[in-house]
Amino acid sequence: MFKKILLLALILVPSLALAEDAPPTIASNADAIALVQEHANYLWTLIAAALVFFMQAGFAMVESGFTRAKSAVNIMMKNLMDFSMGSIFFWAIGFGLMFGTTNTGWFGTTDFFLSGWTPDGDPWILAFWMFQCVFAATAATIVSGAVAERVKFNGYLIYSAVLCAFIYPIFGSWAWGSLLNGNGWLEGLGFIDFAGSTVVHSIGGWAALAGAMVLGPRIGKYGPKGEVRAIPGHNIPMAAIGVFILWLGWFGFNPGSTTTADKSIAMIFVNTNLSAAAGAVAAMFTSWFIFKKPDIGMSLNGALAGLVGITAGCANVSPSSSLVIGLISGVLVVLSVMLIDRVHIDDPVGAVSVHGVCGAWGTLAAGLFNMEGVTAKIITTQVIGIGAAFIWSFGCAYILFKLIHLTIGLRISEEEELIGVDIAEHGAHAYNDFVTK
Amino acid sequence: MFKKILLLALILVPSLALAEDAPPTIASNADAIALVQEHANYLWTLIAAALVFFMQAGFAMVESGFTRAKSAVNIMMKNLMDFSMGSIFFWAIGFGLMFGTTNTGWFGTTDFFLSGWTPDGDPWILAFWMFQCVFAATAATIVSGAVAERVKFNGYLIYSAVLCAFIYPIFGSWAWGSLLNGNGWLEGLGFIDFAGSTVVHSIGGWAALAGAMVLGPRIGKYGPKGEVRAIPGHNIPMAAIGVFILWLGWFGFNPGSTTTADKSIAMIFVNTNLSAAAGAVAAMFTSWFIFKKPDIGMSLNGALAGLVGITAGCANVSPSSSLVIGLISGVLVVLSVMLIDRVHIDDPVGAVSVHGVCGAWGTLAAGLFNMEGVTAKIITTQVIGIGAAFIWSFGCAYILFKLIHLTIGLRISEEEELIGVDIAEHGAHAYNDFVTK
Amino acid sequence: MFKKILLLALILVPSLALAEDAPPTIASNADAIALVQEHANYLWTLIAAALVFFMQAGFAMVESGFTRAKSAVNIMMKNLMDFSMGSIFFWAIGFGLMFGTTNTGWFGTTDFFLSGWTPDGDPWILAFWMFQCVFAATAATIVSGAVAERVKFNGYLIYSAVLCAFIYPIFGSWAWGSLLNGNGWLEGLGFIDFAGSTVVHSIGGWAALAGAMVLGPRIGKYGPKGEVRAIPGHNIPMAAIGVFILWLGWFGFNPGSTTTADKSIAMIFVNTNLSAAAGAVAAMFTSWFIFKKPDIGMSLNGALAGLVGITAGCANVSPSSSLVIGLISGVLVVLSVMLIDRVHIDDPVGAVSVHGVCGAWGTLAAGLFNMEGVTAKIITTQVIGIGAAFIWSFGCAYILFKLIHLTIGLRISEEEELIGVDIAEHGAHAYNDFVTK
């Protein structure tokens, strides 16, 4: 009746190079078992990739919700385009630099344009590319929030292409290249960054810092006497739902980094969840203590801080440690947001604090709370990795943003900023039927 | 070329305690097959947990969409925090009470702080915890809607901690404890509640009823002559998307409750979908008949009613029965919402009707439509379970809310309520750039 | 300690008809391997179905975001109900017509009301139904956008029931019937449409064209001298998030169409993503060239165009070809939207261009870029399929909409349209607390 069983036979059999009527043997069974496990690995890696992809929606909502109504169209365009352009540039260039064969340990030189794949070859490279592609785009999109409401759209497109093609993958090759064909110098030292507190989040966060510094603050953000003025977000529920979506996506981001469907993903799920929960709670109480009210923006960023904080160590620290890492992340993000504001760097959504600062903390914590014990060598290596990420990402991004500034211009005009970047750059309002202030 | 195959060998081999070059045997193959199936079970349980987690976003959107703009920040905070605090309290206390070893059948006494897990032990307890944690938080968040727009934030935090630490897990141990180390009295009677129409939804729904009763109605909800006044929601599309998200999450909630990746999940998916669809259609036509227009709020709640209604019986009733269960749920929810309004209990989102009433109906229906036949004993047991849930949850929650009321206070002041709970409790507007009424 | 292992044994053993203590044999191992693979297939098919279900939320958000605030309630109702009614009608009638046994090759005549399933039979039919049900509802919901803001609600309900019960499944049986018990004439010719560029998207798109033509344009859409007036959408971020959700859902739609968890899904994921990315980029640059600004609406529709365009060929074209297919889709959708507007067919969201036109293009491209070579026969067959879909869907839908028009009426009155379909049909505002224009 059902053609399913036939189909199943067709899947299992040719891959194992068995004639259809050859009886199974111990060896053919062992091969078939390995194949079924491989199928599960593909499934998990690709479902996880889909979850990480969905984080793009979360980032778009958080960034848009925490900024003004007059910038919402631009934010959606930036998020759509850093993923779309990012996918294409990571396909053409980035993936090869990150995971191609390398003799130097500094970048790969093969596998551009997915040339490592052939129609009759092993398709694992495609599953792996898909997972890594959504990671690259995550790094790119982190910057979007820090430069929101004032960056020129074409400048942003150039930046996000360069980040996905060069900045992110080159650092990535240092830490993760050996996951495919590479062999990075940082992983050679024993650097622990399981899912990318540094590789993804700090790289994005420090580039965000560079962008915010080169651009300068939004008009009106700091008063004539240097006082900090709040520019409140226009849609808090949207930002909150964005955080829930990011939390969901992190269940792909962290446990998916196994790229295998095995029992180890259970602890990674639990660690991810406990750290996020602890981050939200700690940030809420910290804000409550400082501002006398439990602050929604800080609490939401606290959850994200907890998620970023556990990303490096999610596979090598215990659930209890995850709770502690999350608690510290939640306190840290509040203090960092306040500090960055005090030095007059205008980061509208707190991207530098969440991704840069808590990414660095999480990477350190992955060493400090290592279940198999902590040594001076581990801590040193973690610090080297943290430092290398800062120098590389902040340095490259600073130069890149300055170059864009000096050539096509990085920032919209004052007049355009007052009208809003949506009208200036896209000729559109986000909320046509609503009366806005 | 790819290191995947090596990695695969590393996964399969050590778990099976085989030397790497030992040839496979029939016995080692049988062990490996069981292991691959176990991996699939982990995968499914954890993906399902992620889907159930996402229901938090759905609840936040439904509750916020159905209430006023001046309460949206508070609702996001409550939903973020009942999940975050809930995760931590369920980790510390609730899970042990629910699934720990018990001699009494009334609550467990081991496994607090996930102490049943050791780094070199079986990680199933972590996967299981993750799935159960998102269930506990679902029960907590159900209450949020019924107490919306007037509850004090700190009172709500206390309530949600107590529910996740005590109220929910103790009842849960009666019905589900044996899923791990427990042995509950209610499951001993043969109580059928596969995914928690009673354990999760009625427990949440009856606690919601207690909260709404202790708090009293929102200002202006009932006129001086007792007439019912509609307080319409501020964002219907948000509520609708929330319902779609909840429906999606239920594809984790119900079939995920197998915690095994086998063929039985197919029927559970189909049953879940048919009941939800039937609930939406039935509620729409019922509202059309009563109000002369097809009502959006009722239709959305009808879908949720169908989902709650099939939750108990999703694994032991047929697809056709699911359709009938959903149809009845859809009618029931409309009538219940009207009745609860008529007795002047102000439940802004219909949480008591959706989760309490339809949870009870679904639990009864799981007996009535049991595919293997229905007996007086089954029905009696279902009724005992339904009654026990009401007494336990309504009783505990009523006492708890009264205690909060008598100590730190449960309700914001009249003045605060008129300004809105967002400003009063969090010093924030949800929609800064919009002109609101 | 854990009851998991026991449970596992219970799953594997009875299915294999082994006594619990019978030692494994080579044959029993081979059977167990096939069973574990089958479990993975169920898992993947059902998770993919959940992702495709979630596209309903995406469609609701895109349609609502691109139209006016005064129609948002109605759009949510239409989307909730075309899925809910669609599920029930596809269960009762459509599935049997599409996949039931057929002697003619034109439609099936068995399996109505899921009668092919029995409690002790193979549950694959349930998993397969679930996946096909969400496909049918996708076809239905495509039309919703094209008829938005002016269609009568009861007329829409009738249309969506007929589409899910007859129009979609009958065409589906021609192309896909043999996936279960059927045997369609079009698949017999060798028609390539892996995941439904034609079967789902063009069928929906051409029905949308019929609906838009029978209804006529919204009041004010075309000026007295025939000039085209923009009616801008009311919530661009909502539309954008809807597109992200659709993109996510497509990771179920395309690779899920394997209904097997094997390695082939990797390429389908990559192809889907590259085409979507290329579509967004191409549409952005096309709109930038034509309108001098990068247009958000066109860019979002470009991503959808890329997704629709790759749906037919996702399993038989290479990643590089997918990029090309997506680029062409992105250009095509912009030109098509402009052309359809110029001939005064008012399609508020561009559904005809995205789903009809790019569905046809994608189906042709699946032949043109076929990895195993292209022949005149392949192209001819693809063109036959494209043409058959147009004739069948446009023809049936045109007659159906005309019949509704002539009987109960298809369009709300002019007065109702000016007030808004939300108030007219549902007695509700979407945004009660906001001041709208």
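Copies are superposed here by least squares on the C-alpha atoms of residues with pLDDT of at least 70 in both. The structure is a predicted model, in which local features need pLDDT of at least 70, side-chain atom pairs count only at pLDDT 80 or more, and totals for chains, interfaces and linings use all residues. Residues are numbered from 1 along each chain as its sequence is written, chains are lettered from A and ligands numbered from 1 in the order in which they are written, and side-chain values use heavy atoms, with hydrogens and water left out.

I begin with symmetry. Chain B is superposed on chain C by a rotation of 120° with 0.0 Å of shift along its axis, at an RMSD of 0.0 Å. The two copies are thus related as by a three-fold rotation axis. Within chain B, the C-alpha of Val435(B) is nearest that axis, 3.3 Å from it.

I turn to salt bridges, meaning a side-chain nitrogen of Lys or Arg within 4 Å of a carboxyl oxygen of Asp or Glu. Over all chains the count is 24. Which residue forms a salt bridge with Asp346(A)? The partner is Arg218(A), with the closest N and O atoms 2.8 Å apart. Asp346(A) lies in the loop between α11 (319-342) and α12 (351-368), and Arg218(A) in the loop between α7 (197-215) and α8 (236-253), 128 residues apart; helices here are DSSP runs of H or I, at least four residues, numbered from the N terminus. Both residues, Asp346(A) and Arg218(A), are buried, that is, under 20% relative accessible area with a 1.4 Å probe and protein chains only, where exposed is over 50% and partly exposed lies in between.

Finally, Glu417(B) and Arg411(B) form a salt bridge at 2.8 Å. Glu417(B) is buried at 3% relative accessibility, whereas Arg411(B) is partly exposed at 26%.

Conventions
Helices (H or I, at least four residues) and strands (E, at least two) are DSSP runs, numbered from the N terminus.
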